[in-house]
Amino acid sequence: MIRTMFSKVLILVIAVLIISFTLTGIIMNASLNRMVAEQKVQQLKVVSEKVINALDTLLKSDYSRDPFLFISFIQTLANNADSLIWIVRDDGTIIFYSEIPDYLKGKLEVSEEGWPKLPDSRQYDKQPVEYEIGDYFGLFADTGVDWVTINQHFSIENIPPYNMKVSGVLLIHSKVPSMYQLKTSIIIVFVVSGFVGCVIALLFVAVLTKRITKPLNQMKKVARRVASGEFSERVNVRGKDEIAELSASFNNMIVALENLESMRRDFIGNVSHELRTPLTTIKGFTEGILDGVIPPEKQGSYLAIVLDETRRMQKLVNDLLSLAKMQAGEVTLNMTDFDINELIRRSVISLQHIFIEKNLEFQADFESERMFVNADSDAIQRVIINLLHNAVKFTPENGEIRVRTYTERTERDKVYISVEDNGKGIPKAELPYIFERFYKTDKSRSADRSGVGLGLAIARNIIVAHNEIIKVESEEGHGSVFTFSLRSASISEPY
């Protein structure tokens with residue numbers, strides 16, 4: 001059973017070559033048969049005209065003249081044309097001939113004058129076609145070869161001395177094998193050249209197929225390694241054709257799978273870390289209370305810590321569930337028109353206590369008093385709160401946070417919302433990863449113990465679900481600016 005692509009392509013090409021070669025041979029053979037036959041017929045027609053002209057000259061001359069010269073003439077023509085020339089009367093009697101071979105004498109009858117005579121009337125009657133190829137109504141049946149026969153009727157008038165009229169038929173026979181010698185030579189040349197061409201074509205096809213299948217085989221081997229968890233190997237990319245593009249795409253897929261596997265491992269590690277810390281705290285304090293290590297008067301404060309850690313775990317689980325639903329497309333947006341400035345005001349009021357705790361200054365820079373957008377207000381409020389939480393977290397005490405809403409002159413159908421802080425900023429190398437799950441710029445997690453690194457990932461998924469963009473601009477030591485866009489609403493008043 002043929003399994004390799006190389007074998008399949010090679011066999012397919014061989015089959016195509018054989019079919020094409022056979023069809024070409026059949027068509028060429030038929031064309032050559034017709035061409036050679038027509039050329040021979042034209043040659044025999046020229047001979048027949050010469051014979052009839054010579055017969056006319058003979059009959060109109062003195063009857064006492066010996067017809068030896070005429071017979072010698074037609075014999076010479078017959079030898080040159082490799083044919084038999086017979087002049088036959090209307091009754092089938094052969095009156096002049098170049099030759100009657102011995103194998104035909106038994107086929108002929110004898111007339112009353114003792115001359116040979118054709119036995120079948122079809123052999124000397126006028127035929128509806130210019131020439132016949134075959135055994136000529138059984139005359140050459142025993143020769144083992146086909147013959148081509150010219151059947152041309154003639155009529156000669158005003159023959160002296162009594163102005164007689166003579167009519168009959170001129171038959172010129174020629175063997176087909178002698179006609180087809182040229183055709184055979186052409187076919188031999190065709191077969192030899194076709195064979196050489198097929199061999200060369202097969203060599204080129206073999207080289208081309210190897211070139212195609214080599215990267216495919218390499219992809220197969222690399223795919224097996226990737227399936228086993230090895231992402232280090234790559235497919236060699238050569239050229240700029242479709243195979244090269246496929247190889248490059250295959251390598252990009254490996255990189256994506258490697259990143260996905262790395263994210264999966266990081267996800268498991270981050271979740272384990274975020275759950276282990278509160279679980280350890282809850283377990284330790286609960287055991288301390290049950291064992292009597294913690295005195296009754298302090299149990300309330302320790303139970304409050306346990307409750308905080310439980311809430312932290314609950315928030316982590318809820319955020320994970322929300323993020324999973326968003327990425328699976330299971331969250332349906334409730335699109336309405338609302339005032340984004342008013343939504344920002346409400347969000348800031350809900351976070352007022354954390355602003356006061358760090359003595360942060362808040363500034364609102366709105367392009368207009370009211371600015372309406374079309375979006376899911378609850379989801380966008382979550383984005384704003386997440387961005388404000390993030391800004392508060394990394395802004396030092398007595399710092400400043402600024403929120404802007406504005407439009408661009410070139411994009412009047414968009415409203416842009418930015419949250420800016422004057423915190424420590426984000427290193428340039430970490431900017432591409434800031435929206436990934438569980439990603440934290442504080443690798444030791446000492447500065448940020450309240451968050452789990454899901455806020456920005458959730459914000460990005462919400463904005464992407466709105467078919468909008470969210471980006472970050474930051475310089476280490478000079479704060480950060482998070483900006484996202486929303487579609488502008490077509491109304492001027494809120495619902």
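**Exercise 1. The contact of H10 with H11**

Task: determine which residues of helix H10 meet which residues of helix H11, and describe how the two axes cross.

Solution. Step 1: with contact taken as heavy atoms within 4.5 Å, the H10 side comprises Ala-379, Ile-380, Arg-382, Val-383, Asn-386, Leu-387 and Asn-390, which meet Gly-455, Leu-456, Ile-458, Ala-459, Ile-462 and Ile-463 in H11. The model is a predicted one, in which local features need pLDDT of at least 70 and side-chain atom pairs count only at pLDDT 80 or more, while totals for chains, interfaces and linings use all residues. Residues are numbered from 1 along each chain as its sequence is written, and side-chain values use heavy atoms, with hydrogens and water left out.

Step 1: sorted by class, the residues of this contact are nine nonpolar, three polar and one charged, where Ala, Val, Leu, Ile, Met, Phe, Trp, Tyr, Cys and Pro count as nonpolar, Asp, Glu, Lys and Arg as charged, and the others, Gly among them, as polar.

Step 2: the axes of H10 (residues 377-393) and H11 (residues 455-465) come within 9 Å and cross at roughly 150 degrees; axes are lines fitted to C-alpha atoms, for helices over the stretch in contact, with angles from 0 to 180 degrees between N-to-C directions. The helices themselves are DSSP runs (H or I, at least four residues), as strands are (E, at least two), and both are numbered from the N terminus.

Step 3: the crossing of H10 and H11 is left-handed, a term for a near helix turned anticlockwise from the far one by less than a right angle, with right-handed used if the turn is clockwise.

**Exercise 2. The contact of H8 with H10**

Task: work out how H8 is oriented to H10, and which residues make the contact.

Solution. Step 1: the axes of H8 (residues 340-350) and H10 come within 10 Å and cross at roughly 50 degrees. H8 is therefore oblique to H10, on a scale where angles under 35 degrees count as roughly parallel, over 145 as roughly antiparallel, 65 to 115 as roughly perpendicular and the rest as oblique.

Step 1: this crossing of H8 and H10 is right-handed.

Step 2: on the H8 side, Ile-340, Leu-343, Ile-344, Arg-346, Ser-347, Val-348 and Ser-350 meet Ser-377, Ile-380, Gln-381, Ile-384, Ile-385 and Leu-388 of H10. The classes here are eight nonpolar, four polar and one charged.

**Exercise 3. An aromatic pair**

Task: classify the pair formed by the rings of Phe-70 and Phe-96, and locate both residues in the chain.

Solution. Step 1: a pair of aromatic rings is described by the distance of the centres and the angle of the planes. Rings of Phe, Tyr and Trp (its six-membered ring) pair if their centres lie within 6.5 Å, with planes under 30 degrees apart counted as stacked, over 60 as edge-to-face and the rest as tilted; by this rule there are seven aromatic pairs.

Step 1: the centres of Phe-70 and Phe-96 are 5.1 Å apart and their planes stand at 75 degrees, so the pair is edge-to-face.

Step 2: buried means under 20% relative accessible area, exposed over 50% and partly exposed in between (1.4 Å probe, protein chains only). Phe-70, at 5%, is therefore buried, and Phe-96, at 13%, is buried.

**Exercise 4. Positive phi values**

Solution. Step 1: Asp-82 is not a glycine, yet has a positive phi of about 55 degrees. Asp-82 sits in the loop between H2 and strand S1 (83-89), and at 45% relative accessibility counts as partly exposed.
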